[in-house]
Structure formats: C-alpha cells, structure tokens
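Hi there,

Here is the structure I promised to pass on to you. Have a look at it first, and then read my notes below with the picture open beside you.

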Amino acid sequence: MNLPKPPVTPIALALTPLLTHRFGELVRQGELTFLEGRRIAIALNGAPWALALGLEQGQWQVEWARGDEPAQLQGSLKAFAILACGEGDADGLFFQRELEMCGDTELAMELKALLGRVSLLPAVPEPLMAALAKLKTMPFLSGSGI
C-alpha cells in the first residue's frame, strides 16, 4: 500500500533550527562541504517514508526523500536515538548492523562520522539521568507487576 505523504513542514520546522544550532559552526568552518548541494536519505526501519537532509548555500534543507538521493543511511529508532543523544559510537552501530548505508558510501560515511562526533541533542543533565535510572527499577515500569 502506498500511503500519501503528510506535509513535511512540521518536521522541517522542528528539525531545521536544531540542525542549525548543533552544526552551524561546522557549516561556517566548511566541515560540511561534502553535503553542500547534495541530499542524503535518512530512513527509519519500518517507517513508510524517509527524510532527505541536505545543505543549499549553507542552509539546511529537510524534505521527504524522493528515492533519487545519492546515499541513504538507514537504521532502527534505537540506533538513531543513540546517535542523536551522543550515547554511542556510529561505527559500532554500523558493525552491529543497527545502521546501514547504501548508494554513495563515501557521502553516507561522512554523515555517519559527523553524527558520531557531534550529538544532535544536548546532553541530559546528570540529576535527570539518575532519576530516569531510578524510575527504570520501579516495579510498575520493569514489567514485574504489582
């Protein structure tokens, strides 16, 4: 079944400022020239559509992938969450088959390396991490029942 794509605008409005904030300095320093004028598809396993990210004149572009992107980075929600939070190693996720690349592997590897060294989301404060760890041990969340 081929579902119609919803408007990408809400996703772009949420993602573009985040990309600009986290990677803006790297764009200004010229470290993302590999992406200038190009697009890469980001596909979440099981999702009906993939996003395409690219740079045009130093500005982030976020839209639905058309299928003609030169490269695709695909993975599980868990893998992308690990990368976004800076909690894991992009190479490790690739070798564990949590992330896959196809197409122009040089382009995909450049993006994978970037995501491996700069997290998309800011670090979670330690007190919040401790509270989350404690919550995980609660019986009603651990699945052991009441």
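This is a predicted model: local features need pLDDT of at least 70, side-chain atom pairs count only at pLDDT 80 or more; totals for chains, interfaces and linings use all residues.

Five strands form an open sheet in the order 3-2-1-4-5, and the pairing is mixed. Strand 3 (59–64) and strand 5 (99–103) are the edge strands, each pairing on one side only. From one strand to the next, the twist averages 20°.

You can walk through the pairs one by one:

- Strand 2 and strand 3 run antiparallel and are joined by six bridges; here Leu55 stands opposite Trp60 in strand 3.
- Strand 1 and strand 2 are also antiparallel, over four bridges, and Ala41 has Ala52 in strand 2 as its bridge partner.
- Strand 1 and strand 4 pair in the parallel sense over five bridges, with Leu44 partnered by Gly75 in strand 4.
- Strand 4 (residues 71–75) and strand 5 run antiparallel, joined by five bridges; Ala71 stands opposite Gly103 in strand 5.

Is strand 1 largely enclosed or open, and why? Five of the six residues of strand 1 (residues 39–44) are buried, so this strand is largely enclosed by the rest of the structure.

**Helix 1**

Next, find helix 1, which covers residues 9–28. A straight helix of 20 residues would span 28 Å, but helix 1 spans only 25 Å between its end C-alpha atoms. Helix 1 also has a kink of about 55°, centred on Arg22. Helix 1 lies across strand 2 (51–56) and strand 3, at about 145° to strand 3. The buried residues in helix 1 are Ala12, Leu15, Leu19, Phe23, Gly24 and Leu26. Just after helix 1 comes Gly30, with a positive phi of about 80°.

**The cores**

In soluble globular proteins, nonpolar side chains tend to be buried together. In this model the largest nonpolar core has 32 residues, and those with the most contacts inside it are Phe23, Leu32, Ile40 and Leu111. Apart from its neighbours within four places in sequence, Leu111 is in contact with Phe34, Ile40, Ile42 and Leu73. There is a second, separate core of five residues, among them Ala43, Ala50, Ala52 and Ala65.

**Two residues to look up**

Most residues other than glycine have a negative phi. Which residue takes a positive phi in the hairpin of strand 2 and strand 3? That is Gln57, near 50°, in a hairpin with two residues between the strands. Gln57 is not a glycine, and it is exposed, with a relative accessible area of 74%.

Arg97 is not a glycine either, and it has a positive phi of about 65°. You will find Arg97 in the loop between helix 3 (90–95) and strand 5. At 72% relative accessibility, Arg97 counts as exposed.

Enjoy exploring, and write back with any questions!

Best wishes

Conventions: Residues are numbered from 1 along each chain as its sequence is written. Side-chain values use heavy atoms; hydrogens and water are left out. The expected span of a helix is 1.5 Å times one less than its number of residues. The bend at a residue is the angle between axes fitted to the seven residues ending there and the seven starting there. Buried means under 20% relative accessible area, exposed over 50%, partly exposed in between (1.4 Å probe, protein chains only). A nonpolar core is a set of buried Ala, Val, Leu, Ile, Met, Phe, Trp, Tyr and Cys residues joined through side-chain atoms within 4.5 Å. Contact means heavy atoms within 4.5 Å. Two strands pair if DSSP finds at least two bridges between them. Axes are lines fitted to C-alpha atoms, for helices over the stretch in contact, and angles run from 0 to 180 degrees between N-to-C directions.
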